[in-house]
Amino acid sequence: MVEKLTQTWITSPKRLLSEIAREACLVHIYPTGPSMGCRYPLSERSLMLGRGEDCDIRLQDHSVSRRHARIEPTAEGYFVHDQQSTNGTFVNDRQLETAWLLQDGDYLRVGNCIYRYLAGGNIEAEYHEEIYRLTILDGLTQIHNQRYLTEFLDREVVRSQRHNRPLSVLMIDIDRFKSINDTFGHLCGDFVLRELADVVRTTMRKEDLFARYGGEEFAIVLVEASRDEAVAVAERIRAAVAAHQFRFEANPINLTISIGVAATSGDLGMTSANLLRQADENLYTAKRGGRDRVVG
């Protein structure tokens with residue numbers, strides 16, 4: 001559910017920004033592409049984000065209004081104002097109703113575009129840490145990405161073979177995701193992906209890995225889990241998603257997922273690619289069998 005943020009904005013006295021605030025910046029983290037990782041320094045003048053040619057940060061995205069949001073410097077720091085945009089301005093997934101003072105690490109969402117606000121004591125170190133995060137995390141859902149999944153699974157397959165221990169993989173796909181995008185739009189689709197990631201994350205053990213595999217497909221690596229244990233975990237996740245109340249703006253969304261399970265007990269011929277392929281084959285068996293089910 002989308003929450004709305006309200007905050008009183010006190011007119012600032014006439015003094016300059018602090019040294020730390022002067023070094024603050026926005027880092028583009030989503031969507032992926034040439035702009036990912038771009039840094040936009042903030043200064044003592046206001047900054048406009050939108051599709052218009054006169055905007056300081058110009059966003060070529062249909063979900064963004066011509067003048068969507070304004071960032072205003074004050075003595076307290078940087079406030080963000082929505083400019084009566086069509087799709088709203090969000091901080092940490094909460095919609096703004098009034099001006100909001102940005103805090104170090106906040107996520108600013110303008111239409112379909114997401115930025116990270118950095119304003120700590122060492123901006124350069126924070127920026128390079130954020131760039132590293134972008135190489136291993138999915139910008140939209142903030143879970144691990146396919147690249148990190150592959151590296152993690154390669155290591156776990158080797159460990160499974162060396163110690164003859166069980167290892168399982170789940171492949172998860174959202175049922176009828178295209179119809180959600182077609183009916184409610186891509187902003188709703190992005191909301192569903194983020195919300196689903198949050199629901200699944202609450203079911204995870206610390207030693208396991210949850211990643212976005214691509215599009216509406218996710219993967220989970222279950223360390224030291226047999227096939228039977230993995231199927232039980234998958235059923236728990238499937239039931240949690242089916243029971244969750246997804247609501248975008250005023251629209252309730254009935255969401256289900258299908259899950260394919262693959263497992264090994266240290267088989268010497270097994271590879272990470274084979275595990276993923278087997279899980280994917282079982283996933284599509286679940287899809288063909290009627291969706292909202294686990295096959296393993």
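Biologist: Let's start with Asn 112: does this residue count as buried or exposed?
Modeller: This is a predicted model, in which local features need pLDDT of at least 70 and side-chain atom pairs count only at pLDDT 80 or more, while totals for chains, interfaces and linings use all residues. Buried means under 20% relative accessible area, exposed means over 50%, and partly exposed lies in between, with a 1.4 Å probe and protein chains only. Asn 112 has 15% relative accessibility, so this residue counts as buried.

Biologist: And where is Asn 112 placed?
Modeller: Strands here are DSSP runs of E, at least two residues long, and helices are runs of H or I, at least four long, all numbered from the N terminus. Residues are numbered from 1 along each chain as its sequence is written, and side-chain values use heavy atoms, with hydrogens and water left out. Asn 112 sits in the loop between β11 (107-110) and β12 (113-118).

Biologist: Which residues does Asn 112 touch, beyond four places away in sequence?
Modeller: Contact means heavy atoms within 4.5 Å. Leaving out the residues up to four places away, Asn 112 touches Tyr 30, Pro 31, Asp 61, Ser 63, Leu 187 and Asp 190.

Biologist: Which strand holds Val 80?
Modeller: Val 80 is buried, because its relative accessibility is 0%. Beyond four places in sequence, its contacts include Ala 69, Thr 89, Trp 100 and Leu 108. Its strand, residues 77-82, is β7.

Biologist: How many residues of β15 are buried?
Modeller: Glu 217, Ala 219, Val 221 and Val 223 point one way, while Phe 218, Ile 220 and Leu 222 point the other way, and all are buried. For the strand, residues 217-223, the count is 7 of 7.

Biologist: How many bridges join β13 to β15?
Modeller: Two strands pair if DSSP finds at least two bridges between them. β13 (residues 167-174) runs antiparallel to β15, and Met 171 stands opposite Ala 219. The number of bridges joining β13 to β15 is 7.

Biologist: Which residue takes a positive phi in the hairpin of β14 and β15?
Modeller: β14 (residues 209-214) and β15 pair antiparallel over 5 bridges, with Leu 209 opposite Val 221. The hairpin has 2 residues between the strands, and the one with a positive phi near 60 degrees is Gly 215.

Biologist: What is the mean pLDDT of the chain?
Modeller: pLDDT is the predictor's confidence in each residue, from 0 to 100. In this chain, 93% of residues reach 70 or more, and the mean is 92.
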